[in-house]
Amino acid sequence: MEEIERLAQLIRESKKTIVFTGAGVSTESGIPDFRSPGGIWSKYDPEDFTIQRFLSSLDTRKSFWKASAEGELLMEAKPNPAHYAIAELHQLGKLDSVITQNIDNLHQKAGVPEDRVLELHGNMQWVVCLGCRSRFPLLQILQKVKGGIEVPDCPDCQGILKPDVVLFGEALLQETLREATRRAQNCDLFIVIGSTLVIYPAAYMPTYAREAGARLAIVNLTPTPLDHYATVVIRGKAGDIMPKVMERVRLF
Ligand code: APR
C-alpha cells in the first residue's frame, strides 16, 4: 500500500516524531475503546464518569469501584504489535515522545521510557486521595474492595479515594498538558493512532503540531475530523499497519 510507504518515508525523514494515541491503539490488546460499536460508552453512562457525580454520589463511587475490580483484568492486558512498533521508533532514536489519552500503561509495558510518555488522562495503575493527595497502587486498594469494602477510604486520612485518571469535568494535569503542547509545537512529524479526535483539549494537539509546521499522519479504523489536514491517512487496524510501516523504515 503506497500510504504505508509514504508514512515510512516521513518517518525516515523525521528527526523528532511524536506519536499521539487513543483507545484504538489498545483494542487489539483486548481493551474496548469508547465510541466504536460495543465500546465503553455503549455499556456505561458517561454521566456516571463526571467528577461531580463521583464526588456527590456514594452509589456512583460504589459502581466505580465495582467496575474497577471487574476491570482488574485490564491490568493484565499486554501490548500489541502497534505498541511495539511505536517503542521501536524510540529504539531508532526517532521518537520525541508519546502523547496518549489512554490510561492502560501499555506504551510503558512495550518499552517506551516513562519520561517519554505523556498521559493526558492519567494512569489507572494508581489511586489518589482527594484529601491528602497520597497515592497508592490500584491493586493494593482493590484488595480492600475484594475483601468486601464497597467504597475504600484513604488508609492515611480516611479521605475520598479516586483512581488517578481524569474524569469528565476535571481539569487535566496542567504541567502534562503544557509539556505535551510544547512538544507538539516542536516536532516535525505528528502521527495520530487510534483516536476519534473528538475530546478536547487532547484533540488540539494535532492542530498545534500542524500549525507549527509538522507533517500530520493519521492511522485509524474510521474517519476523523482532521483527516483533511493530514499528509497521509491510513485506514485500518494499527496492529496490522504499524509493523508494516516499521518494516519499510528498517529497509533503509
Ligand atoms: N486500529 C486503528 N484504529 C482503531 C482500532 C484499531 N485496532 N480500534 C479502534 N480504532 C479507532 C476507532 O475507529 C475510533 O475512531 O480508534 C478510535 C477510538 O476512538 P474513541 O473510542 O473515541 O477513543 P479516544 O479517541 O481515545 O477517546 C478519547 O474520550 O471517553 C474519553 O477519556 C476518554 O481518553 C478517552 C477520550
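In this predicted model, a polar backbone atom of A23 lies 2.8 Å from an oxygen atom of the ligand. Such a polar contact is a pair of N or O atoms within 3.5 Å; within protein, one atom must be able to donate a hydrogen and the other to accept it, and residues adjacent in sequence count only if both atoms are side-chain atoms. The ligand pairs listed below include this one.

| Residue | Polar atom of the residue | Distance to an oxygen atom of the ligand |
|---|---|---|
| A23 | backbone | 2.8 Å |
| Q101 | backbone | 3.2 Å |
| T196 | side chain | 2.6 Å |

The protein covers 95% of the 730 Å² of accessible area that the ligand has on its own (Shrake-Rupley method with a 1.4 Å probe; for residues, only the protein chains shown count as cover). Around the ligand there are 23 residues, of which E28, F34, R35, S195 and T196 come nearest; a residue is near if one of its heavy atoms lies within 4 Å. By class, this shell holds seven nonpolar, 12 polar and four charged residues. Here Ala, Val, Leu, Ile, Met, Phe, Trp, Tyr, Cys and Pro count as nonpolar, Asp, Glu, Lys and Arg as charged, and the others, Gly among them, as polar.

The chain is divided into domain 1 (1–31 + 79–121 + 172–252) and domain 2 (34–76 + 122–165), with bounds from an automatic or database domain assignment. The ligand lies between the two domains because both give residues to the shell around it. Taken over C-alpha atoms, the centres of domain 1 and domain 2 are separated by 28 Å.

At the interface, 14 residues of domain 1 are in contact with 11 residues of domain 2 (heavy atoms within 4.5 Å). The domains bury about 930 Å² between them, 52% of it on carbon and sulfur atoms; buried area is the accessible area (1.4 Å probe) that two parts lose on being put together, summed over both. I31, I103 and H121 supply 40% of the area that domain 1 buries against domain 2, more than any other three residues. Four residue pairs are in polar contact across this interface, both residues at pLDDT 80 or more. The side of domain 1 that touches domain 2 has six nonpolar, five polar and three charged residues.

Residues are numbered from 1 along each chain as its sequence is written, and side-chain values use heavy atoms, with hydrogens and water left out. As the model is predicted, local features need pLDDT of at least 70 and side-chain atom pairs count only at pLDDT 80 or more, whereas totals for chains, interfaces and linings use all residues.
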